[in-house]
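Welcome! Please take a moment to look at the sequence and the model below.

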Amino acid sequence: MNADKEYVLDFLTREAAGIAEMFGSSCETLIHDMTRPGFPIVAIFNGHVSGREAGSTVDVYGGHRASKQLTQAHSAEKDFVNTFVLTRDRRQIKSSTFNFVGKNYHYALGI
C-alpha cells in the first residue's frame, strides 16, 4: 500500500465507524476493496445486521457474487443512494454505496 491508499482506507474506516455509531446498532457500515475479486469487505461495523465480517465476499443480497447490475455499476464507479434491497432471508433494507477511486485503489463505502 502506498501512503495515499493507506490514508484513504483509514479515513473511510473512521467514517464508517462514526456513521455506525451515530445511527446505532441497526446501521451496518462497511468498506469493500473493489479491486479484488468478489469485492471483499476490509472493514465492517455492526456486521450482525447482515451476518457478514471482514474478508467476506457475500453481498447485501446474500450471494457470493455481485449481481450483473452491481458489477457493471461498480466498474463504472457509480454510486447507489437509498437503494431498496430484499435480502435472501426476505428482510427489506435500504442500502447506499459510495465509490472512492484513486490511482491504485478503488474502495466502496457501504451503509
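Here is a short tour of some aromatic rings and backbone angles.

## About the model

This is a predicted model, in which local features need pLDDT of at least 70 and side-chain atom pairs count only at pLDDT 80 or more, while totals for chains, interfaces and linings use all residues. Residues are numbered from 1 along each chain as its sequence is written, and side-chain values use heavy atoms, leaving out hydrogens and water.

## Aromatic rings

Searching the whole structure gives two aromatic pairs (rings of Phe, Tyr and Trp, the last by its six-membered ring, with centres within 6.5 Å; planes under 30 degrees apart are stacked, over 60 edge-to-face, the rest tilted). Phe 100 and Tyr 105 are stacked, at 6.2 Å centre to centre with 25 degrees between the planes. Tyr 105 also stacks with Tyr 107, at 5.9 Å and 25 degrees.

Phe 100 is partly exposed at 35% relative accessibility, and Tyr 105 is buried at 10% (buried is under 20% relative accessible area, exposed over 50%, partly exposed in between, with a 1.4 Å probe and protein chains only). Tyr 107 is buried too.

## Positive phi angles

Most residues other than glycine have a negative phi. Asn 82, not a glycine, has a positive phi of about 55 degrees. Asn 82 sits in strand 3 (residues 80–86) (strands are DSSP runs of E, at least two residues, numbered from the N terminus) and is partly exposed at 48%.

Arg 90 has a positive phi near 70 degrees. Arg 90 lies in the loop between strand 3 and strand 4 (92–102) and is exposed, at 63%.

Technical notes
Helices (H or I, at least four residues) and strands (E, at least two) are DSSP runs, numbered from the N terminus.
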